[in-house]
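Student: Please take me through one part of this model in detail. I would like the place where the two chains meet, with the geometry spelled out.

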Amino acid sequence: MSWLWLVPTLPLAGALLLALLGGLMPRRAAGALGCLSVGLSWIVSLKVAAGYLAATPATGAYGQTLFRWIDVGTFRIPMGLYLDQLSLIMMLVVAFVGFVIHLYSAEYMIRGEGYSRFFCYMNLFVGSMLILVLADNLLSLYLGWEGVGLCSYLLIGFWYQERANGIAAQKAFIVARIGDTSLAIGLFLLFAHFGTLDIQRTMSLVSAPSGASPPVVIAAALLILGGAVAKSAQIPLQTWLPDAMAGPTPVSALIHAATMVTAGVYLIARTHVLFSLSPVAMLAVAGIGAATACYGGLSALAQRDVKRVLAYSTISQIGFMFLALGVGAWWAAIFHFMTHAFFKALLFLAAGIVVQGLGEERDMFRMGGLFTKLPVAAWTFLIGACSLSALPLVTAGFYSKDAILWASWSYRGGSAVLWAGGMLAALLTGIYIFRAFFLVFFGEQRTPVESKPGLLVNLAVVVLAFFAVVGGILGVPRVLGSTNPFGQFLAGIFGDGPAEAVSTEGPFLLFSSIISVIGIGVAYALFKPGVRAPAVARSAAYDAVRRFLLTGWGFDWLYDRVFVRPYVVLARMNRADVVDCLYTGLALIAGAGHYLLSATESGRVRNYATAILLGAALVVAVLLWR
Amino acid sequence: MADIAAAPTSVMLGVALALFLIGMAGVMIRRDLLYVLMSLEIMFNGAALAFVTAAAKWKQPDGQVMVILILVAAAAEVGVGLGLVLRLYHRFGTVDGDQISLMKG
């Protein structure tokens, strides 16, 4: 376990080496270095995990202080790592999925320029993400939080010659900044009240009887929620994620599906003590989650770009995680995070094979008929799609999503409304992902296949496909006869683990299974090869709805009108800075005085003589009449 | 000596003041530097006359001494001043003070 510090350090060292020497290295060496640093980090994390499981500390947590980061008076921030059940799972998933996607990118990105730059950013991202999940105080967590945000910006704008990519990167950065500001204020509030930013101490102080007054707790929880909402692309700050698809596909898979966007889920789970003390914040989390799950599902229905389908799907699935957090099913949220990391990364990587194979074609209506042409991509995409739409019993997604749906009904914060929202989103999931599946892989072929994936790319998707199926075994619910080891494991920090098997859970399980199968069936009926669009699809109202969903419910339009344009108008009006008026005024007065006085310097001797005489007369007059 | 002493002090001072003001007006109004120098001489004379008048009134020799001093200073001033005017004339081809205004601010 004492090797824990190596886990985030290795990718960071890789990033540093690539930044300094990347330009001098041949491509193969840069790719190998990039993969090796993350791979070693993953192996070390496995070793650490084995050590942790073999000899779990009595408190359930292992801390490691690396150095003192800030030490000013009473403000002491150590750079410390903290390993408990939650951060262990996060660390393993981040390192593993990161490694697999690095392997994939080593081959996928080999054409085109900026190869070593790409791996430098990716390593920096993995290092920052590991700092985020392993940090033992909120400021170190914030460091990782900003680090992943920076890498997200750099990688969305990776192909920076295209203007649109740069704009998408800036949008992601600015929207995330809103949340970061909220999170920072939340941290200030916590520090002001508890005098520490150490997560465990803060949480114990919060829950102490003489802890904090309810308004402080609610304010802190809501501010932290603000940060989580922006990072995890939840309503109302979700607009950046679909545009973030401008980045390379491995980036979308790693950052904008599997890891970074779930940082908000991790943050709320990490500070769950704070949230469970304020029902208002919990209700907000659950409400945002359920609403976003439905929002993402509906928007995904109308997309043409295959990556945007997956982006809205990610928004929707993180909505599920928020729903789980909001009802207090912490373990279910983390469980869904894990399975989602597998199957969503898989879907992105499989879609990446298709997109690259067709020469960067992303429009699903120009694909089709690829099932036999790109069999690996097709089969792995099918597995990912089944897992995403929670095909009963055989997929990982089924177990995690069912746990959330059951919790949204049965847990403390659960209610029929939240459950119904979750069910609707679950139904939509099957429809939109299989719509994409049928459009991409069936029907007539519209674009010829230019290139086939290589060995590493195939290996990566097959490995992820494996985990997208078996990853759920850990969390099989008790009603199906398992002990649910995943929930048990996390019960150590979340207190209450998965609920005991209740007789009503069986019917609910059956119902959600039927719903997911119905979703897939609807997609099959509507989009299977050879089905012609029904007459209603040609009506104007249908087209309006389709466009409404395609633009993500017009959020971009709304924000453009409400925030961007008034801001631009204000900025135009204030082009000559109002505050600057004072200072330019001073300068103008000084300048006027200068011109006034310089006019007296006429260079005419007799004027000077006159002035001297008048001055002398004045002095004499003053002396005489004083 | 007696004739001068016979003139009342106030008249003498009035003449001195008139001389001074005439010279002053010349300095302020004339553009030709030679005339400016001449006007300065008139101002000197006005001041010197005031000293003489004061010396006669109080029967003190100090005023006479000051007049000698003023004459010396005026002679020196004319020497330097004429030299400068000559140089200016060579340099600019004119002795018009208003035209030689290169040191405008």
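Tutor: Helix α25 of chain A and helix α2 of chain B are oblique to each other. This is a predicted model. The two helices pack at an angle of about 140°, and their axes lie 7 Å apart. Angles over 145 degrees would count as roughly antiparallel, so this pair falls in the oblique class.

Now the residues. From α25(A) come Arg606(A), Ala609(A), Thr610(A) and Leu613(A). They meet Met24(B), Val27(B) and Met28(B) of α2(B).

Step back to the whole interface. There, 10 residues of chain A are in contact with 12 residues of chain B. On the chain A side, α25 (residues 605-625) gives the most, with five residues. That side of chain A has three nonpolar, four polar and three charged residues.

For another helix of chain A, take α15, residues 330-357. All 28 of its 28 residues are buried, so α15(A) is largely enclosed by the rest of the structure. Its length also checks out: at 1.5 Å a residue, 28 residues should span 40 Å, and the end C-alpha atoms are 40 Å apart, which agrees. There is a kink in α15(A) of about 30°, centred on His340(A). Just after the helix, Gly359(A) takes a positive phi of about 70°.

Conventions
Residues numbered from 1 in each chain as written. Chains lettered and ligands numbered in written order. Predicted model: local features only at pLDDT ≥ 70, side-chain atom pairs only at ≥ 80, totals over all residues. Contact = placed C-beta atoms within 7 Å. Helix = DSSP H or I, 4+ residues; strand = E, 2+ residues; numbered from the N terminus. Nonpolar A, V, L, I, M, F, W, Y, C, P; charged D, E, K, R; others polar. Expected span 1.5 Å × (residues − 1). Bend = angle between axes of the 7 residues up to and from the residue. Buried ≥ 20, exposed ≤ 12 C-beta atoms within 10 Å, placed from the backbone. Axes fitted to C-alpha atoms, helices over the stretch in contact; angles between N-to-C directions. Parallel < 35°, antiparallel > 145°, perpendicular 65-115°, else oblique.
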